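Keep the viewer open and follow along as the residues come up.

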Amino acid sequence: MTATPQPAHEPKKWRRPLGIQLRSQLSAPTGDYRWVYLWGWPLRVVHWASAAAIVVLVVTGLYIGRPYFIISGEASNHFVMGWMRFVHFVCAGVLVAAAILRFYWFLMGNRYERFGALFPVSRKRRYDLWRTLRAYALIRPDEAPKYLGHNPLQQVAVTGVYVALLVIICTGFAMYGQATPDGLIARAFAWVAPLLGGMQVVRFVHHVLTWCIIIFIPLHIYLAIRHELLDHGATVSSIISGGRFVSVREHFEDA
Amino acid sequence: MHGPSTHPWVEGETLGTHLEERGVDRREFLTFCGKMVAILGLANSALPRMAEALQSIKRPSVIWIQLQECTGCVESLLRSAEPTVGDLVLDVISLDYQHTLMAAAGSDLERALQSSMAENKGKYVLVVTGSIPTKENGIYCTIGGRPAQEILEEAAAGAAAILAVGACAYWGSVQAARPNPTGAVGVRDIIKNKPVLNIPGCPPIGDVITATIAHYLTFNRLPEADGEGRPLFAYGKRIHDQCTRRSHFDAGQFVEVFDDEAARKGWCLYHVGCKGPATFSPCPIFLWNTRTSWPIGAGHPCIGCTEPYFWDTMPPFYDRLPGVVGFGVERRADIIGATLAGAVTAGIALHATATGIYQLRHRRQAEAAEGAATAAAATKEDSSNG
Ligand code: HEM
Ligand code: SF4
Ligand code: SF4
């Protein structure tokens, strides 16, 4: 059968789950396509550099927090914690560089990358946040608003990750500075410990946020793949290629 | 070794003569000054200057008041195996008022304080140990019927310099730990118009106290301090960065429980809650009790006693990070984190399955509809043909 699927039996109509159709069921848009460029190269560099850095930071960080294997023999023959901390600090440097580039791109990027894309502000966007939430909860998948860039829920999630990373960077440097208390880093981050209530709280926050990031990773990957497979959202490919094809007839809230 | 005083301080006598009378020879005195110079991290050239300055002191120049406290700081100073030259020096320069050490008691004592403060107005170093209770007008600590705050304010008014010795005088210590029933605060919370030098520790190392006073008496100014008002010569570095067990930390060798093989080998106490990585103190260098040992050296993790609010911020003393309260029992963040991560992964699997079911149903339905439509079309064709 080649006919486009028509909603049959009007009375017993299933809610058409737009958000979660199989590929074969998507009314493959015909006609003209256009290429939309979403993520500039700086943004993609930021994404992949920080992704790699974060994975290493999590692994080394959890070792620093709870050395999960113990080395025997002469201390002078080993430097395990030393290397873990060294690698942690190098990756911290990568993360900070990525953060600086990201900040620059908030100013210079396109509309999907700028400050404006950080948070759903307008009434319409906030309503879309609600609609997206309902779609993800499989309550009204048919009402999911379509976005080219991040939808409002993604915006909130990404902003949350930015905040978490910013806090993890500040707490990290506050700890790092203690080794050289009269150094530049110690002085630049001297405000952190009093604000949080002492160095141990700083450690604790750094540690808890690590777990928040660990939890974010599978969610992020799942939703990205899901979006790619089910909605033709090109989420995965666009963070590699930078953009996606869209039918000129398709409507997007942020086009 | 110097026995108890048989020679009381005579009016007009210099400290130098006094020490001689008590059997301290010049070499011993210079050794003491040399130690002070070393602790303060001064150049050797400071030695003659310090010897000269200390020697020629002619009057009691330190007034020591003890407020809401346990006397531990004075104990730390004096309970060395033998009275040192430093003890004698302190004994003499703080002759006029020191509750614990003075022979006088009662109103005699209070009169001694009053007259000493009046005579040396603007010239004495005020040493304070103990916190200041502020609730209920300070009735939780009164001396001679007067609340601690009043005594402190009066003594501070005529002081040339103020030393807050010990965690209590610094920020309140155990009395100020939550819920702080007496409203205890440190000296810096009461005296705002004069710089206060804090010598933290619960108690601080005696040598640090002595050296700070020696510095003041020599140079007429307090040693350089960090942002918290702690002298840098003593509190400028972390325990962790001076620790004798640090090589085991870097190697990845940790004590896991107090009676394991690693503990016997003297490995790092990080995992059993050492707060050395967050604590600034000279314990590993100056050592305790006339340089006998120090806590980590003896196998106990640092509890961070020189850091402000450590009773509330450093626990648990035998675990690295605070537990997460609000989960019935205190749980480690790692357990909660791992549980949540597992739950989220399970949630993802569930969500993916639900999505699959949803789609399957939709496809079946679409197929059924298609089938019905084809059948209908076929019937229609048939009837029109027929
Ligand atoms: C995604 C980013 C990061 C993650 C997941 C992470 C994770 C961790 C974890 C779990 C710990 C152990 C905490 C504890 O239990 O005490 C730790 C320690 C630490 N982290 Fe990070 N961290 C990150 C970024 C940073 C950054 C940007 C810095 C900045 C310099 C940093 C500096 C430190 C320091 C100084 C320590 C203490 C290590 C020590 O001196 O012993 N971290 N990190
Ligand atoms: S025992 Fe404590 S201070 Fe010493 S290296 Fe280990 S963690 Fe650091
Ligand atoms: S090792 Fe730590 S807790 Fe112990 S006396 Fe020194 S600073 Fe205080």
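In chain A, helix α1 (residues 41-65) and helix α7 (residues 199-231) have axes that come within 11 Å and cross at roughly 135°. What you are viewing is a predicted model. An angle over 145 degrees would count as roughly antiparallel, and the pair α1(A) and α7(A) is therefore described as oblique. The crossing of these two helices, α1(A) and α7(A), is left-handed. To see where they touch, select His47(A), Ile54(A), Val58(A), Leu62(A) and Gly65(A) on the α1(A) side; their partners in α7(A) are His207(A), Thr210(A), Trp211(A), Ile213(A), Ile214(A) and His220(A). Sorted by class, this contact of α1(A) with α7(A) holds six nonpolar and five polar residues, with no charged ones.

The axis of helix α3 (residues 46-55) of chain B comes within 8 Å of that of α11(B), and the two cross at roughly 85°. This is why α3(B) and α11(B) count as roughly perpendicular. On one side of the contact are Ala46(B), Arg49(B), Met50(B), Ala53(B) and Leu54(B) of α3(B), and on the other are Ala214(B), His215(B), Leu217(B), Thr218(B) and Phe219(B) of α11(B). By class, the contact of α3(B) with α11(B) has seven nonpolar residues, two polar and one charged.

Helix α11(B) has another partner in helix α2 (residues 26-40) of chain B: their axes come within 9 Å and cross at roughly 95°. The angle makes α2(B) and α11(B) roughly perpendicular to each other as well. Here Phe32(B), Lys35(B), Met36(B), Ile39(B) and Leu40(B) of α2(B) meet Asp207(B), Thr210(B), Ala211(B), Ala214(B) and His215(B) of α11(B). The contact of α2(B) with α11(B) comprises six nonpolar, two polar and two charged residues.

Finally, have a look at the backbone of chain B. Most peptide bonds are trans, and most residues other than glycine have a negative phi. Against that background, the bond from Cys202(B) to Pro203(B) is cis, with omega near 0°; Pro203(B) sits in the loop between β8 (196-199) and α11 of chain B. The bond from Pro315(B) to Pro316(B) is also cis, again with omega near 0°, and Pro316(B) lies in the loop between α16 (310-313) and α17 (333-385) of chain B. Asn137(B), a residue other than glycine, has a positive phi near 55°. You will find Asn137(B) in the loop between β3 (132-133) and β4 (142-143) of chain B.

Terms used: Residues are numbered from 1 along each chain as its sequence is written. Chains are lettered from A and ligands numbered from 1 in the order in which they are written. This is a predicted model: local features need pLDDT of at least 70, side-chain atom pairs count only at pLDDT 80 or more; totals for chains, interfaces and linings use all residues. Side-chain values use heavy atoms; hydrogens and water are left out. Axes are lines fitted to C-alpha atoms, for helices over the stretch in contact, and angles run from 0 to 180 degrees between N-to-C directions. Helices (H or I, at least four residues) and strands (E, at least two) are DSSP runs, numbered from the N terminus. Angles under 35 degrees count as roughly parallel, over 145 as roughly antiparallel, 65 to 115 as roughly perpendicular and the rest as oblique. A crossing is left-handed if the near helix is turned anticlockwise from the far one by less than a right angle, and right-handed if clockwise. Contact means heavy atoms within 4.5 Å. Ala, Val, Leu, Ile, Met, Phe, Trp, Tyr, Cys and Pro count as nonpolar, Asp, Glu, Lys and Arg as charged, and the others, Gly among them, as polar.
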